[in-house]
Amino acid sequence: MTSMFEIVTRHRAVVCVGTGGVGKTTVAAALGLAGALAGRRTMVLTIDPARQLARALGLSSLERGGEAVPDEALRSAGLSVRGSLHAGMLDQKGAWDAFIVRHAPSAEVRDTLLSNPVYQQVSTSFAGSFEYMAIEELVRLDESGEYDLIVIDTPPAGAAVDFLRAPDRIEHLVDPAVMSVLSKPVRAWGGAWGAVSAVVHRLQGTFGTRALREISAFFVALDAIFGDVAARSERARAMLRSDQTAFVLVAGPTERVLADGDQLAATMRELGVPLRATVINRVHPLFRQDFTVEDVEPVIASLASRGVDEPALTWLRRLWVTALRTAEAERNRLAPFAAAMPADSAWVEVPELDHDAHSLDDLVTLARLLGALG
Amino acid sequence: MRSDRSEAATFLQVVTGKGGVGKSTVAAALAMAAGRRGHRVLAIEMGAPAGLAGLLGVTPTEHGVPVDAGGGVHLAYYDGEAALAEYIRRHMRWDRVVRAIVEHPLYRAFVNAGPGVREIMAIGKVRDEMLGLATGEPQWGAIVLDAGASGHALQLLGMPSAAAQTFGSGLAHREAASVAGWLADPASTAVHVVALPEEMPLQEAAEVVERLRELGLPLGRLVVNQCRPPAPAGAAEALAVIDEVEPIRQALSQTLRRTLGWLELQERGIARLEERLGMHVERLPRLVAPSFGRAQVEQIARVLTEDEALSEGDALTEEQA
C-alpha cells in the first residue's frame, strides 16, 4: 500500500485533481513542502492561491515564472530544507501568450496572433483551455531539468475530468482536414468544396464580415504553429500517462464533492490512468470516534455545577448532537467511496483544522497529517 | 422586432459564486420560493444536468426541454452548441441547408473558436424564453439560472456586450446587443452572489460583486450559505472550565473550540464583506441531514422568503436528522 511519503519521493510529478472548494491548493502546497523537506528540488504550481498562502510561503505574490521560497522564511519556521522549494502561479492568459511567443515561427505570426481578437477570446474561453495550459506548464517544468518534483494544482473545473481530456480537445480544434481550409484567406474558402461557399455565406450573414476575417487571420497564424501544438499535445499525453506521474484526488466528506470525486475516479479508471492517493480533507474531528449522545450528559452536569448557565448548556447539548450526526453522515457516505478506490492506493483522512492554512507551520502540520513526512 | 425590455413579464434571477458554496442549492431554493408564490418557474443549468437536477429530483434528458419538478418549478439544461443549432434552424428555412451547415467541419471548428458563440446562444435562448418567442407569449413568471462558478458566469454575462463589439454587423451583432441591454436592466434581471462564511469564498464574492458593478450588471442578493447561529455568552465560559481529563471531555471541548473559532471567522468575514461592498448579507443556515435533498432545499427556500429565521436552523436540524 502506497504512502503519501512514497508518492512525493518517488515521482517526478504529482497532480492534485478534484472539484473546487476542497482545499486542493493547500494540499498541493503541503505536498510540495514535504518534497523539499525530503531533499528534492521542488516546484509547486498553483491555480487559485489565497493571498495568505502566498505570504506564508514568503512570497509577496505568486509569480508566473515561479519564485524560490526564501530560506529565511523556512528557517524561521524551524525547517531545515535539504532540497529547495519554488512556488508559482498559473495564469491562463499569460501562459497562452508565452506559448505563442515560444512557438511562433516568426515575429509577424507572433504579433498577428497576440493582437487577434479571436485569439484573445479563444485562449481563455474554449473548453479545456486552462487545463491544457496547466499540463503544458507541467511538461515545460519537467523538461527544464531544474526540478526533481513538480506538484501541480489543477483548475477548479466542475468536471475535473477535463484535465485528462485537454490534449485531445486541443487537437480537435486544429483538426488537419479543417485547418487546411481555414488557414487559407476567407476569399479562398469558397473554392474548396461546393457546400463550403453556402456555409461561408450564412456565416457572413450571421456573424459579419469583419469577424469572419479575424477568424480567418486567427487560423492562418495558428496553422503556422500547428506542428508544435500537435507535438506538445503528444508530449503532454505521454507525461500524464507516465508512471513517474502520480494523481492524487482531493475530496471532502460532503455529498456533492464525493459525487464529483466518484465521477472523476470512474473516468480515470476508463482512461486507464491510476489514482495513487485519495485525500479526504476537512473530515469532522469526531469522524472516527465512538461516542453517543448520552455520553455528554455527565459533562453537562459537571459544567452546570461549575456555574455555566442554562442557555449555554442547552446550546452545548445541541451542538454535540449535531456534531455526532454530522460525523455519522460522513462515515456512511465515505465507506462506499473508499471501497471503490484502487486497493494499493493511499487513503488519507485529514481532520478539519480550526483555521485555513496560512503559514508554513500550518503547511507542515498538514504535510504530517497527510503522511507525507518521512 | 418587438421591444423586449418593457414587455418582459418574466424576471430573470442569475445565481453565481465560487465553486462549492452552494449555488445550486440557492438556485433551487429561489426557484421553489417563486413556485410557492404561484409563479410558473423555469430553472436552468448551463451545460449538462448536475446540481440542480439532483436537488430538485428530476433529470432533463434533452437540451432546452423542461421537465416538471413539481411545485410550479420546471427544470431544463441549456447547452450553448445545441442552442446555436436551434437558432440557425429557426432563422433558416431549408432543413437540408441547415443540416449541411451544422454538420460541416468548418462550422464545427468555427463554433469552437468563435468568441463566446456558445455562451451568447445559451443566454440568448434564456432571453427568448423570457419573452415567449417560441410560443408567442411568455410562459414563465420567473426564470432562475444557475450560471456556475463565478469565473465562467462573469464570462457568460459579459459575453453579449463583448460580442456586440466584436461582431461588427449582422444578425449576431443585433442579437448580442439586444441581450446585453436586457441583462443590464434591473427591471428584468438580478444577479445573486453566493458565498460561504470562509475567507476564500467571501473574498471571491467581493471580487465578483465589484466586477458585476464594473460590467453594469444589476446586483441582486448577497447570500452567505451555511452560517452558524450565534453562541450564547455562556459558551465561552464553558470552554474555559472544561477539564480535558478524559476523551469525552476532550471531544466536547474540541468541538466547542472549533465552533467558536468558526463563528468568530464567520462574523469577522461577513462584517468585512458588508463594509467593503456597502451591502447587507443574507444568511442561510447550515443544515445537517443524512442526505441533502428536496426537503432541505424547501427549508432553505423558507429562510430566503423569510418564513423562517436563521436561529431556528439548528432546532429544525434535529427534526430532519
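Which residues touch the most other members of the largest nonpolar core? They are A:Met4, A:Leu31, A:Leu33 and A:Leu370, in a core of 92 residues. The model is predicted.

**Nonpolar cores**

- In soluble globular proteins, nonpolar side chains tend to be buried together.
- A:Leu33 is one of the residues with the most partners in the 92-residue core.
- Another core, of 40 residues, lies apart from the largest one. Its members include B:Tyr78, B:Ala122, B:Ala147 and B:Ala206.

**A helix pair in chain A**

- Two packed helices are described by the angle between their axes and the distance between the axes.
- Helix α5 of chain A spans residues 92-103, and helix α6 of chain A spans residues 107-115.
- They pack at an angle of about 160 degrees, and their axes are 9 Å apart.
- Angles over 145 degrees count as roughly antiparallel, so α5(A) is roughly antiparallel to α6(A).
- The crossing of α5(A) and α6(A) is right-handed.
- From α5(A), A:Asp97, A:Ile100 and A:Val101 make the contact. From α6(A), A:Arg110, A:Leu113 and A:Leu114 take part.
- By class, this contact of α5(A) with α6(A) has four nonpolar residues, two charged residues and no polar ones.

**Chain B at a glance**

- Chain B contains 13 helices and eight strands.
- Of its 321 residues, 57% are buried.
- Among contacts in chain B with a separation of 6 or more, 71% are between residues 24 or more positions apart.

Key: Residues are numbered from 1 along each chain as its sequence is written. Chains are lettered from A and ligands numbered from 1 in the order in which they are written. This is a predicted model: local features need pLDDT of at least 70, side-chain atom pairs count only at pLDDT 80 or more; totals for chains, interfaces and linings use all residues. Side-chain values use heavy atoms; hydrogens and water are left out. A nonpolar core is a set of buried Ala, Val, Leu, Ile, Met, Phe, Trp, Tyr and Cys residues joined through side-chain atoms within 4.5 Å. Buried means under 20% relative accessible area, exposed over 50%, partly exposed in between (1.4 Å probe, protein chains only). Axes are lines fitted to C-alpha atoms, for helices over the stretch in contact, and angles run from 0 to 180 degrees between N-to-C directions. Helices (H or I, at least four residues) and strands (E, at least two) are DSSP runs, numbered from the N terminus. Angles under 35 degrees count as roughly parallel, over 145 as roughly antiparallel, 65 to 115 as roughly perpendicular and the rest as oblique. A crossing is left-handed if the near helix is turned anticlockwise from the far one by less than a right angle, and right-handed if clockwise. Contact means heavy atoms within 4.5 Å. Ala, Val, Leu, Ile, Met, Phe, Trp, Tyr, Cys and Pro count as nonpolar, Asp, Glu, Lys and Arg as charged, and the others, Gly among them, as polar.
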